[in-house]
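Please read the following briefing alongside the sequence and the coordinates. It goes from a single side chain to the chain contact around it, and then to the fold and the confidence scores.

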Amino acid sequence: MAHSEADVLAGLAEIVNEETGLETSAVEGSKSFTDDLDIDSISMMTIVVNAEKKFGVKIPDDDVKDLVTVQDAVDYIVKAQQA
Amino acid sequence: MSSTVVVTGLGAVTPLGATAAETWQAALAGTPGAHTLDNDWAEKYEIPVDFAATVPAEFTADKLKKVEAKRLDPSSRFALVSAREALADAGLRSEDGTSDLDPERTSVSWATGIGGVWTLLDAWDTLREEGSRRVMPLTVPMLMPNGPAAAIGMDIAARAGVQTVVSACASSTESLGQAYEMISSGRADVVVAGGSESAIHPITLAAFSSMRALSRRTDSPETASRPYDVDRDGFVMGEGSGAVVLESEEHARARGARVYAQLAGWGLSNDSHHITANEPAGVHALRAMRLALQQGGLEPGDLAHVNAHATSTPVGDIPESIAINQLLGGHVDSALVSGTKSMTGHLLGGAGAVEAIFTILALHNRLAPPTINISEVDPKVNLNIVRDTPAELPAGDLAALSNSFGFGGHNAVVAFKTA
């Protein structure tokens, strides 16, 4: 079953919290993974692997560089679920 | 001019205790660390050994941040917890994690026997069951043998070199020796030295069982590790970490640090005889002990105590006992010998560091820890063994050795003197 946009944001926030210790409330759509959340490339890949597993989607490496903000990732996952 | 090397801080996470002090107290009380494992490994994989000396989860719980722990193999978690304890004990780390250490004069000399075996094998399971996309990006830095050293180095910003010794069960005695070199040659003022291991896994139990190295005393795990006993039948797997802060005497005195003991010297040799079996007459082990005494300006008669490698294997305990006996000569009765693996089990790459801590505390407290589980000493062993209860060491200037030997023929010995 596809997750709603709100579910994806909440799930992503949990993954980011597990990986970085950041509060889930800090993981807002407008935030940039690198500039605002200070997530390095290896943590970003860990988050991607965990998101793929949690939401049952595939996020090819070439697409990861386009996921600048949390909302980019949420939109990508919502769309990928429907594919 | 070479610098004198002193011990100013101790930290440990072992099957006996969550700290160096707890481990020491449990050892003095003769506490066995081994127990039947609370899992189905023996049954599931038909492993003939179902016991080991594990570190209870509560010993490290809450000592690392969740995110910190998640990014580290268990061997690195043990390492970081014990290193922080040792630095705090040395007065070099405040509660908020800050320190006044000069990064370019601070080093780490760490050791492991096996490295991140849990991380490697968990990743292998993930690969087989879920495919390569699910293998975590941090797998490589978590499994590499220098992972524990790097974790400590980053924690304290050690920039005078962060090195890792891998020489099986001699690893963390050798890492103390390499730390000695760093300080005595003037390359560093402070070195966090030691070793850690977390390798109690079905694959290691199966592999060590396959070579008949492990005790099979499944009906009585707590008495299975019995160095020098006539009925010893193998070692008992242990896990954990030992950390020692070594410092140049000038640096320690200048800041008014408490000094536990002096690391007077160390010896290194190799059997180059057989990949696992010791050279049977202990010739090269003896040479390593002599080299350690020589570097420390010590004589056999100065020795009040020896913490023996003594793993409780039928073959391994004898060459070392011959070598110690030959080293001591006419002084064999005045040096008290302890086999503390009877309590801790065998921490592999962590063993030497934990046993060095016992040796340092034995000199500092003038009390040699016991060897438990000996019903009858093997008649081939002619040593003054401390059995069942601690034994007092005399007053005055004393010296002690801690021996470690490893697969590959590695012989490493550290010599300590009372401060």
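In this predicted model, the side chain of B:R134 makes a polar contact with the side chain of A:E52 at 3.4 Å, a polar contact being a pair of N or O atoms within 3.5 Å, where within protein one must be able to donate a hydrogen and the other to accept it, and residues adjacent in sequence count only if both atoms are side-chain atoms. B:R134 itself sits in the loop between α5 (117–130) and α6 (139–143) of chain B, with helices (H or I, at least four residues) and strands (E, at least two) taken as DSSP runs numbered from the N terminus.

**Around B:R134**
- Apart from neighbours within four places in sequence, B:R134 is in contact (heavy atoms within 4.5 Å) with A:V49, A:E52, A:K53 and B:T126.
- A:K53 also forms a salt bridge with B:E130, the closest N and O atoms being 3.3 Å apart; a salt bridge here is a side-chain nitrogen of Lys or Arg within 4 Å of a carboxyl oxygen of Asp or Glu.
- Because B:E130 lies in helix α5 of chain B and A:K53 in helix α2 (residues 41–55) of chain A, the pair joins two chains.

**The interface as a whole**
- Chain B contributes 10 residues to the contact and chain A contributes 16 residues.
- The two chains, B and A, bury about 1300 Å² between them, 48% of it on carbon and sulfur atoms, where buried area is the accessible area (1.4 Å probe) lost on putting two parts together, summed over both.
- One of the salt bridges joins B:K70 to A:E19, with the closest N and O atoms 3.0 Å apart.
- Helix α3 (residues 66–70) of chain B gives the most to the side of chain B that touches chain A, with 3 residues.

**The sheet of chain B**
- An open sheet of 11 strands with mixed pairing runs in the order β5-β4-β6-β7-β1-β8-β15-β14-β9-β10-β12 in chain B, two strands being paired if DSSP finds at least two bridges between them.
- The edge strands of chain B, each pairing on one side only, are β5 (162–165) and β12 (384–385).
- Strand β4 (residues 106–111) of chain B pairs with β5(B) in the parallel sense over 4 bridges, and B:V108 has B:V162 as its bridge partner in β5(B).

**Confidence and conventions**
- Chain B averages a pLDDT (the predictor's confidence in each residue, from 0 to 100) of 97, and 100% of the residues score at least 70.
- The model scores ipTM 0.84 and pTM 0.95.
- Residues are numbered from 1 along each chain as its sequence is written, and chains are lettered from A and ligands numbered from 1 in the order in which they are written.
- Local features need pLDDT of at least 70, side-chain atom pairs count only at pLDDT 80 or more, and totals for chains, interfaces and linings use all residues, while side-chain values use heavy atoms, with hydrogens and water left out.
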